[in-house]
Each structure stands twice: as structure tokens, then as C-alpha cells.
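Biologist: I'm new to this one and would like to learn how to read its helices. Could you walk me through them?

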Amino acid sequence: MSSLPLAVTRRRRRSVRHTLDVRVSPYAYVAPFFLLFCAFGIFPLVYTAWVSLHEWTLLSETQEFIGLDNYSTLLSDEYFWNATFNTLSIGVLSTVPQLALAIWLAHLLNRRLRFQTLFRISLLLPNVTSVVAVVVIFSQLFGRDFGIINWILSWFGAGGIDWAAGTATSHVALSVMIMWRWTGYNALIFLAAMQAVPRELYEAATIDGASNFTQLRRITIPMIRPTIVFVVIVSTIGAMQIIAEPMLFGQSSGSGGGIATGGPDRQFQTLALFVYEQGFANSAFDFGYASAASWLMFVAVVIAAAVNFLIIRRVKGGLV
């Protein structure tokens, strides 16, 4: 008789352990991510907002609270708006052709090809290449005197372009570098989504006489629309944070100016470069002003991502 209460107790303990395992263990598994996110994501964001409300310089022992003065000064700073324009210009020039080319490459690789694995691996090679090596090589390609690009353009009577000197030309050169690095990476993401599209749809379309482009427009793009939205948003965020390419391009091309000015006339200084200049390259090390610029850049990134999301959602009917 005494064994019955003991068995009931054991069953209750197992039930409690099972309940805890089902309800509590998932939170324990994801807890390390949220702890790291709070330590390296939320806290720096909040602390930067606090710093942006102060006259905070590295050379000063005291930090005076000045409220929103840094933001009001920033909104009237022509260099800040110049960096904003450069960031948007380079972002559009690099993102739009990059995503269109990535979808087309993924569509081609989604078909039965010889050496298919080799082609897919080769798409990722530009992304794993050092950004320093990429910028140095492309700076030589876009060289004014001995660059291959100018040599090819000279065949059509348009050589001798100083790519780093002008606003439009420097934006084109930087956009080509960014496209070369990230097109293959995005193509693999699209390719992974295309693998889930039923093959029967393509077979039926082929029987009906649909061309490859028609299949891409009528079948592939509508079926991978969520992936397209994701890639567009991520690419937009990345485009708003460009810093390595313009910084190294200015040094490799010998266009003059400081390392963070984006050329002598700030013709390709991005928002990230502007923040770096104010906080670390400027002799005053104005962390308060740089923090305010960082927060405005954060707001700009959120707005740009939201606009892209709304545009993609609105035109989804036109993709079919």
C-alpha cells in the first residue's frame, strides 16, 4: 500500500519536470541571445542617446547637459545633409541594380546546369574577399590615367574620367564595388527561396510556351515575394551604413582630403563617415555631436527600411 503514494509522487514530479521543460526551457535557450543583445545592442543605443544630449568631448573632463542643441545644430549643418544625399545616392545606385541582377542570376542557377555547385560557390567568393583588397583593385580599375575602365571608354571617345573627383562618377564607382561584393550573396538567398517553388509550375509553364523571363515574372517573383521583402530591407539597412568603401576609396585613389571627409569636396562622404569624422577624426573628438548624428542616421535607416517595405507591399500585385 505504501508504494502507491510513492508512485503518485514520482508521476507528479515527472509531470512538473515535463511542464518546466516544455514551458521554461525555450526561454532558457534564447536567453543568451537577449542578454548579449541587451549588453551590446540596447545599452549602447540608450547610452548614445544620453551622450547626444551633452557637450561631450574626449578632451574635456566635464560633460555639460545641453538638451537638443546638438540635434538643432546638426539639422543646419550642410555637411550632414551632403552626407545624407551621398548615402541615399550610393544606396540607390548600388541596391536597385544589385537586387535585379541577383534575382536573374538565381533564376539561371535554379535550372539544371553542368557544374552547378561550382557556379553557386563562385557567387560567394566576392563576398568573402577582403573589402580592402576589393577597394584597392577597383580603385586601380577606375584610375584616371591608367585605369582599365577609362581605357575601354577611350574606344568610344569618353576616356580620361577622374572617377574620384566628381560626385556622380565617384558614386558610380563605389556602387560598382558594392554591387560586386553583394550581388552573389543576395543571389544565393534568392536561390534558396527558389528551391522551395514547386517544379510542376515551371513544367506546366514550359508546356504552355512561357519563356524564361515570363516564368521569372509570373512564377518565381510572386512565389519568393517574402524573401524579396527581406533582402530589400536588409540591403537598404546595409546601404545606409556604408563606411569602408568610401573611406578606402579616398585613400587608394589619392583624391585628397582627410581619411573621413570622402574626398576634398566631400563628394562621397556617407553618413557613417560623417559620424566617424566628428567622433574620431576631428581634433575635438566631439562624441556628443557624433552621437546625435548616429541617432539621426538610425532614424533615417528605420524610415528608409519602412518605406521600402511599404513600396514592396504596395506593388506586390504588379509583380504577378
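Modeller: Let's start with length: the expected span of a helix is 1.5 Å times one less than its number of residues. Helices here are DSSP runs of H or I, at least four residues, numbered from the N terminus. This is a predicted model, where local features need pLDDT of at least 70, side-chain atom pairs count only at pLDDT 80 or more, and totals for chains, interfaces and linings use all residues. Residues are numbered from 1 along each chain as its sequence is written, and side-chain values use heavy atoms, with hydrogens and water left out.

Biologist: What span should helix H10 have at 1.5 Å a residue?

Modeller: The twelve residues of H10 (residues 212-223) should span 16 Å, and its end C-alpha atoms are 15 Å apart, which agrees. H11 has 15 residues and reaches 21 Å from first C-alpha to last, close to the expected 21 Å.

Biologist: Which residues of H10 are buried?

Modeller: Buried means under 20% relative accessible area, with a 1.4 Å probe and protein chains only. In H10 that holds for Gln 215, Leu 216, Ile 219, Thr 220, Ile 221 and Pro 222. Their cover includes helix H4 (78-109), H8, helix H9 (199-207) and helix H11 (225-239); contact means heavy atoms within 4.5 Å.

Biologist: And what covers the buried residues of H11?

Modeller: The cover there includes H4, H8, H10 and helix H14 (287-314). Among the buried residues of H11 are Thr 227, Ile 228 and Val 229.

Biologist: How many residues of helix H13 are buried?

Modeller: Eight of the eleven in H13 (residues 271-281), so that helix is mostly covered. Phe 274 and Glu 277 are among them.

Biologist: How do I read two packed helices?

Modeller: They are described by the angle between their axes and the distance between the axes. Axes are lines fitted to C-alpha atoms over the stretch in contact, and angles run from 0 to 180 degrees between N-to-C directions. For helix H2 (residues 25-51) and H14, the axes come within 8 Å and cross at roughly 125°. H2 and H14 are therefore oblique to each other; angles under 35 degrees count as roughly parallel, over 145 as roughly antiparallel, 65 to 115 as roughly perpendicular and the rest as oblique.

Biologist: Which residues meet there?

Modeller: Leu 45, Thr 48, Ala 49 and Val 51 in H2 meet Phe 287, Gly 288, Ser 291, Ser 294, Trp 295 and Phe 298 in H14.

Technical notes
Helix = DSSP H or I, 4+ residues; strand = E, 2+ residues; numbered from the N terminus. Buried < 20%, exposed > 50% of the residue type's maximum accessible area, 1.4 Å probe, protein only.
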